Amino acid sequence: MAEQGSDPIIRVRDVSVQFGATKVLDNLDLDVRRGEILGFVGPSGAGKSVLTRTIIGLVPKLSGRIEVFGIDLDAAGKAERRGIERRWGVLFQQGALFSSLTVRQNIQFPVREYLKLSQRLLDEIAIAKLVMVGLKPEVADRYPSELSGGMIKRVALARALALDPELVFLDEPTSGLDPIGAGEFDELVRTLQRTLGLTVFMVTHDLDSLHTACDRIAVLGDGKVIAAGSMAEMQASQHPWLRSYFHGKRARAVVG
Ligand SMILES: Nc1ncnc2c1ncn2[C@@H]1O[C@H](COP(=O)(O)OP(=O)(O)OP(=O)(O)O)[C@@H](O)[C@H]1O
């Protein structure tokens, strides 16, 4: 199991991303430490998903440097890049399962992309991952349209874990879930992080998740990380957005 420490598994330096004339990320710096669950928050539209997609290579950056597992992604050759991608898993916003594929096929999808395995082994992997996220093996033959919102999130997590990653990106994993379902999902993420030694980068709006699941929090504002630290440090901050977010009505409802 990976030991949590200051060793960054993701190091983002001076990263800028622009769409047309709009600069969404502006010389942004961020470290995600090995073994931690980092909660990434900020106003709607601030660029949290954009940063996630930039790190995993789906959005091109204007400038800056991104290292994952100590490797500069721009300097990595094609084979090295594929090797890096194999070591991370992604849960996209809204689960983003392929609607025409069964649960089993959805989970197997990233495995097929990277490995040549027998159908029997692929089936074993799908069932093992389903069980890992707290679902019954029978779910394997259902289609996404036959699942509840909570089950879709769990299947999406199973798919993100399919290749036994060291690092997992979760983009708003509890959005759309009721508070009990969201709480159970947070606990699942926490348990998996501890037992598998995962590092988790979690975009969220969910204050409960920040309290119960995250080791550290980073806040995005004006294209930069404006604060990073523990929940106690976030609550002590005098920054206006942090104050209204961590001490507002919703925050009081969570903290009590
Ligand atoms: N491919 C794209 N082309 C043009 N603009 C984009 C693209 N992707 C994102 N944007 C813009 O970048 C900004 C940041 O979007 P992003 O989805 O990262 O916000 P967010 O912080 O994740 O918001 P939310 O919390 O509401 O999900 C938005 O203004 C969005 O419209």
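By class, the shell around the ligand in this predicted model consists of four nonpolar, five polar and one charged residues, where Ala, Val, Leu, Ile, Met, Phe, Trp, Tyr, Cys and Pro count as nonpolar, Asp, Glu, Lys and Arg as charged, and the others, Gly among them, as polar. The residues that form this shell are Phe19, Val24, Gly42, Ser44, Gly45, Ala46, Gly47, Lys48, Ser49 and Val50; a residue is near a molecule or strand if its C-beta atom, placed from the backbone, lies within 6 Å of it. Helix α1 (residues 48–55) contributes the most to the shell, with three residues; helices (H or I, at least four residues) and strands (E, at least two) are DSSP runs, numbered from the N terminus.

Residues are numbered from 1 along each chain as its sequence is written. Because this is a predicted model, local features need pLDDT of at least 70 and side-chain atom pairs count only at pLDDT 80 or more, while totals for chains, interfaces and linings use all residues. The pLDDT is the predictor's confidence in each residue, from 0 to 100; its mean over the protein chain is 90, and 94% of the residues reach 70 or more. Within the protein chain, confidence is highest in strand β4 (residues 63–68), at a mean of 97, and lowest in helix α10 (residues 249–255), at 60. Where pLDDT is low, the predicted coordinates should not be read in detail. For the complex, the predictor gives an ipTM of 0.97 and a pTM of 0.92.

Strand β3 (residues 37–41) contains Leu38, which counts as buried because it has 21 C-beta neighbours inside 10 Å. Leaving aside residues up to four places away in sequence, Leu38 touches Val32, Val200, Phe201, Met202, Cys214, Arg216 and Ala218, where two residues are in contact if their C-beta atoms, placed from the backbone, lie within 7 Å. The C-alpha atoms of Leu38 and Val203 are separated by 8.4 Å, although these residues are 165 residues apart along the chain.

An α-helix has 3.6 residues a turn, so residues three or four places apart point the same way. Helix α4 (residues 119–132) has 14 residues and reaches 20 Å from its first C-alpha to its last, close to the 20 Å expected at 1.5 Å a residue, the expected span being 1.5 Å times one less than the number of residues. In α4, the buried residues are Ile125, Ala126, Lys129 and Leu130. They cover an arc of only 130° around the axis, which puts them on the same side of α4; the arc is that of the directions from the helix axis to the C-beta atoms. These buried residues pack against α3 (103–114) and α5 (149–160), whereas the face turned away from the buried side carries the exposed residues Arg120, Leu121 and Glu124. Just after α4, Gly134 takes a positive phi of about 85°.

Helix α6 (residues 179–196) can be read in a similar order. Its 18 residues should span 26 Å at 1.5 Å a residue, and its end C-alpha atoms are 25 Å apart, which agrees. In α6, Ala182, Phe185, Asp186, Val189 and Gln193 are buried. They cover an arc of only 100° around the axis, which puts them on the same side of α6. What covers these buried residues includes β3, α5, β8 (199–203) and α7 (207–212), while Ile180, Thr191 and Thr195 are exposed on the face turned away from the buried side. Gly197, whose phi is positive, near 70°, follows α6.

Phe69, with phi near 55°, lies in the loop between β4 and β5 (71–72) and counts as partly exposed because it has 18 C-beta neighbours inside 10 Å. Asp222, with phi near 50°, lies in the loop between β9 (216–221) and β10 (224–229), and Asp222 is partly exposed, with 14 other C-beta atoms within 10 Å.

Note on methods
A residue is buried if 20 or more other C-beta atoms lie within 10 Å of its own, exposed if 12 or fewer, and partly exposed in between; C-beta atoms are placed from the backbone.
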